[in-house]
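Okay, thanks for coming, everyone. Let me put the sequence and the model up, and then we'll walk through it.

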Amino acid sequence: MAANDTSLVPPLLEMRQVTQTYALNRQSLLGARPQLTVLDNIHFDVRPGEAVGLVGESGSGKTTLTRILTGMEKPREGHVFYDGRDVWTGGAEHWREFRRSVQVVMQNPRSSLDPRMRIGSSLLEPLRSLKIDGDHAARVFEVLDQVGLTRQALERYPHEFSGGQLQRIAIARALMPGPKVLIADEPVSALDVSIQAQVLNLLKDLVNNLGLSLVFIAHDLSVVAYTTSRVSVMSAGRIVEVGKPMDLFVRPQAEATQNLVGAILTVESGLAGNALG
Amino acid sequence: MSQENAIEVRNLVVHNTALTAVRGLDFTLPAGARMGLVGESGSGKTLTALALMGLLPMGWQANGSVRHDGVDLITQSDRALSSRRGRTISMVFQDPLSSLDPVRHIGQQVSSVIRRHTQASKKEAERRTVDLFRQMSLPRPEQLMRAYPHEISGGQRQRIMIAMALACYPQLIIADEPTTALDVTVQKQVLRRLNTAVQERGSALIMITHDLPIIAAMCDTVAVMYAGKIVEMGPVAEVFRNPRHHYTKGLLDSQPTMDNIALDGSSRLASIPGMVPPLHSLPAGCAFHPRCAAATEQCMSEVPTLDDGPRRAACWHPIGATVPMEVA
Ligand SMILES: Nc1ncnc2c1ncn2[C@@H]1O[C@H](COP(=O)(O)OP(=O)(O)OP(=O)(O)O)[C@@H](O)[C@H]1O
Ligand SMILES: Nc1ncnc2c1ncn2[C@@H]1O[C@H](COP(=O)(O)OP(=O)(O)OP(=O)(O)O)[C@@H](O)[C@H]1O
Ligand code: SF4
Ligand SMILES: [Mg+2]
Ligand SMILES: [Mg+2]
């Protein structure tokens with residue numbers, strides 16, 4: 001077994017048989033409120049140091065899955081385990097450890113940072129809200145280093161940065177509490193192409209250098225393939241296929257996977273004149 | 001102006017009192033031709049489009065000349081421009097929700113464009129609207145006439161916008177990031193509909209996007225913008241296969257596509273270091289020089305201009321230039 005083969009290690013973060021439903025508005029005054037099943041019997045996991053992907057069309061339930069995986073939402077049915085223990089019944093100490101160890105990076109860096117707060121304060125904020133002690137300044141410098149930002153950034157405000165730099169800052173903030181798992185929900189789709197590559201490379205380095213686990217969510221299969229080694233495909237609230245990126249590309253089994261693969265435009269297929277089918 | 005050209009743009013400059021965002025564009029689009037306009041966020045693509053449409057935001061002004069349909073759009077009155085929009089030239093905006101009226105039925109919004117520019121009766125305009133919806137493969141076109149914008153999906157709204165832009169068979173359509181807000185699967189459907197609809201009408205198309213594969217699929221030529229200028233232009237296949245400008249090459253290399261990544265996780269994407277310079281402090285010489293590995297002293301002080309020929313680039317040291325030419 002290679003040193004980085006994680007397939008035999010138990011999952012660090014896992015959801016089992018998770019179902020989530022939302023009540024919709026009543027169709028008629030006295031009728032029952034119809035239920036929308038957004039996640040249907042989902043099993044999903046990530047092992048220590050592993051980078052896994054989650055792809056699916058818009059509305060398939062990816063962000064809902066993220067909210068449940070991070071404890072922001074309680075599933076209607078099923079369980080979420082962190083380090084082998086159910087987070088909803090594992091007690092206060094375990095809950096704290098779980099919240100600290102699982103951090104998220106969202107799609108739009110500009111709306112995820114407070115515009116009136118200096119970057120330095122934004123970075124310290126998770127330490128305060130999670131009540132983490134220690135040498136905060138040292139931690140800030142360490143994290144800035146990991147994401148390739150200089151200390152000058154600390155005194156400045158979000159509007160003084162480009163989208164790509166802000167996404168680095170958002171990643172830095174997620175790293176502050178020393179998480180074991182980073183969940184990134186469409187982290188590059190709001191960024192320019194030339195900047196997307198910088199952020200994707202950074203995420204990859206964090207997995208390799210810090211041994212972080214990464215859950216990378218997107219609707220573009222090629223971006224996910226670049227960053228992860230195992231990908232789950234979602235469609236209408238279910239996971240319909242799981243595989244290595246290469247296998248999903250070459251032999252997509254589920255219809256949803258075939259649609260996603262078929263939807264990928266490349267420069268070469270475009271020039272060949274058959275991209276739009 | 002020859003009627004064979006859908007638009008001729010000469011030295012287009014767009015500025016406000018403090019900043020110049022578009023710094024001298026030149027391009028000609030023959031009738032029925034398709035040009036892609038690609039560039040990073042803030043490079044001036046949308047302001048260029050708005051200048052051509054006569055829709056610049058408050059405080060912005062366009063100079064230069066924009067010949068279209070026998071007139072110079074820059075010198076036209078607001079009234080003349082507004083009678084032209086939707087008729088000879090029309091635009092599809094990036095965010096359909098903000099460009100549709102939330103409290104009017106969709107059908108009414110599209111058919112009123114037809115009525116404004118043609119003699120069509122109300123009934124006739126409605127019939128043509130339903131036809132347009134059908135052409136755009138929109139489901140249940142009759143019901144859609146009486147739907148509100150928030151009641152349909154993003155992909156459907158964007159197809160409505162395209163239907164509206166195409167309603168009067170304009171000579172030129174400008175589409176500004178028409179599919180960026182859409183899911184990849186929906187994106188392809190919308191592009192396919194736009195593609196055939198433009199083709200059927202023989203309209204010219206300016207496709208604005210930072211997505212190179214979309215330009216490869218939809219356009220004949222491409223102009224690459226950086227910091228308010230065109231830095232490279234030419235036939236799409238040639239520019240994308242053999243870029244001459246270092247920024248174009250950087251863009252192509254940073255695409256995570258099947259062409260340039262190994263799927264075993266071992267590869268790294270090439271990326272352009274640094275960031276786009278802010279307009280108020282553009283670097284001297286070639287604006288790209290702080291990010292360019294090939295930059296020399298000359299690049300830092302002298303502004304390169306587009307060279308001549310079918311494969312134009314504004315670069316002191318274009319890629320491929322050192323390869324000896326075959327001597328006849
Ligand atoms: N609070 C809620 N109440 C009702 N329905 C909801 C709620 N949150 C999400 N939904 C619905 O659940 C489904 C899944 O939404 P979700 O945001 O998880 O999708 P997604 O895969 O992240 O999509 P996208 O790619 O567009 O971000 C959608 O149909 C959405 O409209
Ligand atoms: N209303 C405005 N007020 C002030 N500055 C503006 C305004 N609109 C555009 N700008 C500035 O002008 C420059 C060009 O903007 P433009 O919107 O044309 O870029 P773009 O290439 O379309 O970018 P994107 O890909 O982000 O849409 C940018 O630096 C932008 O900040
Ligand atoms: S002019 Fe110089 S700096 Fe600009 S792209 Fe060419 S080589 Fe690079
Ligand atoms: Mg989502
Ligand atoms: Mg724009």
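Let's start with Asp72(B), which is buried, at a relative accessible area of 14%; buried here means under 20%, exposed means over 50%, and partly exposed is in between, with a 1.4 Å probe and protein chains only. Before I go on, the housekeeping: this is a predicted model, so local features need pLDDT of at least 70 and side-chain atom pairs count only at pLDDT 80 or more, while totals for chains, interfaces and linings use all residues. Residues are numbered from 1 along each chain as its sequence is written, chains are lettered from A and ligands numbered from 1 in the order in which they are written, and side-chain values use heavy atoms, with hydrogens and water left out.

Back to Asp72(B). It sits in strand β5 of chain B, residues 71–72; helices (H or I, at least four residues) and strands (E, at least two) are DSSP runs numbered from the N terminus. What does the side chain of Asp72(B) reach at 3.0 Å? That would be the backbone nitrogen of Val66(B). For polar contacts, I mean a pair of N or O atoms within 3.5 Å; within protein, one must be able to donate a hydrogen and the other to accept it, and residues adjacent in sequence count only if both atoms are side-chain atoms. Setting aside neighbours within four places in sequence, Asp72(B) is in contact with Gly64(B), Ser65(B), Val66(B) and Arg67(B), contact being heavy atoms within 4.5 Å. And Val9(B), 63 residues away in sequence, has its C-alpha 9.5 Å from that of Asp72(B).

Staying in chain B, on to ligand 2. The residues around ligand 2 (a heavy atom within 4 Å) include Glu40(B), Lys45(B), Pro57(B), Trp60(B) and Leu279(B). Ser41(B) puts a polar side-chain atom 2.5 Å from a ligand 2 oxygen, and for the side chain of Thr46(B) the N or O atom is 2.7 Å from an oxygen of ligand 2. Gly44(B) uses its backbone instead, with an N or O atom 3.0 Å from a ligand 2 oxygen. On its own, ligand 2 has 630 Å² of accessible area, and the protein covers 63% of it; areas are Shrake-Rupley with a 1.4 Å probe, and for residues only the protein chains shown count as cover. Helix α1 of chain B, residues 45–53, gives the most to this shell, with 3 residues.

Now over to chain A and ligand 1. Here Gly59(A) has a backbone N or O atom 2.7 Å from a ligand 1 oxygen, and a polar backbone atom of Gly61(A) is 2.9 Å from an oxygen of ligand 1. Thr63(A) comes in with a polar side-chain atom, 2.8 Å from a ligand 1 oxygen. Ligand 1 alone exposes 640 Å², and the protein buries 60% of that. Two elements give two or more residues to its shell: β2 (35–46) and α1 (62–69) of chain A. Which of the elements gives the most? It's α1(A), with 4 residues.

Last, chain A as a whole. It has 11 helices and 10 strands, and 53% of its 277 residues count as buried. Among contacts between residues at least 6 apart in sequence, 68% join residues at least 24 apart. The C-alpha trace spans about 55 × 55 × 50 Å along its principal axes.
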